[in-house]
Amino acid sequence: MYETSFGLVKRPFAPAPRGDCYYPAATIEAARQTLVRCIQRAEGAAMVVGPTGAGKTLLCLVLAEHFRNTLDVVYLSSDGLRNRRALLQGILHGLGKPYRGMDEGELRIVLADYLTGLGPASAGMLLLIDEAHTLPMGCLNELRMLTSVAADGQPRTRLVLAGASLLEERLAHPKLDSFSQRLAARCYLEAMTRQETQAYIEAQVARSADQASAAFAPEACQAVYQATGGVPRLVNQVCDQALVLAAGAGQTKIDAARVQEAWANLQQLPSPWNAEPVKGQPATEAIEFGALEEEPGETAAVAPEPAPAASPSPAAEAAPES
């Protein structure tokens, strides 16, 4: 849509996570390195915790691609995994194995036979579960048992759980104490810094351009950070929206004012989030929260105060017209 206006060959800020768009910001890269080591060495289960939009799904996709040729990778989102049977069916489906028409016990046997019967060509299964904080207790216990399956002294299941901070609280439950002890890595994602946000924007644009392109001015990158706080998902949204608006206006470079407009559109705000007027435009009055003045001809109804007398108190009478 806007690619030709900025010399791009593809959309730089995709609405859904893509492994080829991975940017090694400090916290997510540290988590990636820790998890790669943990999976390669079969150290035990791992947990990734982070706020919404911080890159948990992206990290799972990057790990899946990294181990695609050495492990049997299964990626699941916990949405819809409301019981053990659904979990086992999801895993078998991800492995390309039959899963229909079997009860929970049969599914468990099929999966155990598969894991213990793997030949030397496969080191086992890598199970990546996104949104794991929504998993019920029974599913978490099922996963704990899966990590116990071993052959020739080696565990056959590598497990990574990714979710919100509630995941850590769930695993701290006394009933999951043994599972919590098996966690070999605990990784925590955070938003990008101001410098990382600018570097991320420039990297995504450069990756999507067939030649050198500077679609975002430095002050625009700073405005993106001010609006989003460095949360990757929000950065993608506001940058994509700014490109759309700029292309529609015939603009070939994004400035801070365009970022303000994009953020206001996304948040459905009546005016840009930055109260500073744009150079060359008259300043507008700031709207503050507080009591609203009455329109001419209207009266303000005031709730009556409790009183022993039958007659209404003066405060209950309508306010005089202005």
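Predicted model: local features only at pLDDT ≥ 70, side-chain atom pairs only at ≥ 80, totals over all residues.

Visitor: What pLDDT does the protein average, and which residues fall below 50?

Guide: The pLDDT is the predictor's confidence in each residue, from 0 to 100. The protein averages 84, and 80% of the residues score at least 70. Over residues 274-322 the value is below 50, and this stretch has 19 contacts in the model beyond near neighbours in sequence; contact means heavy atoms within 4.5 Å.

Visitor: How many helices and strands does the protein have, and what makes a stretch count as one?

Guide: Helices (H or I, at least four residues) and strands (E, at least two) are DSSP runs, numbered from the N terminus. By that rule the secondary structure comes to 11 helices and 7 strands.

Visitor: Why is E142 called buried?

Guide: Buried means under 20% relative accessible area, exposed over 50%, and partly exposed in between, with a 1.4 Å probe and protein chains only. E142 has a relative accessible area of 2%, and therefore it is buried. Residue E142 lies in helix α5, residues 137-146, and touches R84, L87, L88 and R108, leaving aside residues up to four places away in sequence. E142 and L87 are 55 residues apart in sequence, yet 8.5 Å apart in space, C-alpha to C-alpha.

Visitor: Which other residues of α5 are buried, and what do the buried residues pack against?

Guide: In α5, C139, L140, N141, L143 and L146 are buried along with E142. The buried residues of α5 pack against α3 (84-95), α4 (104-116), β3 (125-130), β6, α6 (166-171) and α7. Helix α5 lies across β3 and β6, running at about 150° to β6; axes are lines fitted to C-alpha atoms, for helices over the stretch in contact, and angles run from 0 to 180 degrees between N-to-C directions.

Visitor: Why are S180 and T197 also called buried?

Guide: S180 has a relative accessible area of 18%, so it counts as buried. S180 is found in helix α7, residues 177-181, and touches L171 and R186, not counting residues up to four places away in sequence. T197 is buried because its relative accessible area is 0%. T197 lies in helix α8, residues 194-207, and is in contact with M192, C221, V224, Y225, G230 and V235 once neighbours within four places in sequence are set aside.

Visitor: What makes β1 a partner of β7 and of β6?

Guide: Two strands pair if DSSP finds at least two bridges between them. Strand β1 pairs with β7 (residues 183-188) in the parallel sense over 5 bridges, and 4 bridges join β1 to β6 (residues 157-163), also running parallel. The bridge partner in β7 is C187 for V48 and Y188 for V49, while M47 stands opposite L161 in β6.

Visitor: Why are β2 and β7 said to stand at the edges?

Guide: The open sheet of 5 strands has the order β2-β3-β6-β1-β7, with parallel pairing. Strands β2 (72-77) and β7 each have a single partner strand, so one side of each is left without a neighbour in the sheet. The twist averages 15° from one strand to the next.

Visitor: What makes a set of residues a nonpolar core, and how many residues has the largest?

Guide: A nonpolar core is a set of buried Ala, Val, Leu, Ile, Met, Phe, Trp, Tyr and Cys residues joined through side-chain atoms within 4.5 Å. The largest has 56 residues, and those with the most contacts inside it are I201, F216 and I254. Its largest share, 7 residues, comes from helix α10, residues 232-248. Apart from this core lies another, of 35 residues, among them L88, M102, Y114 and L183.

Definitions and conventions
Residues numbered from 1 in each chain as written. Heavy atoms only, no water.
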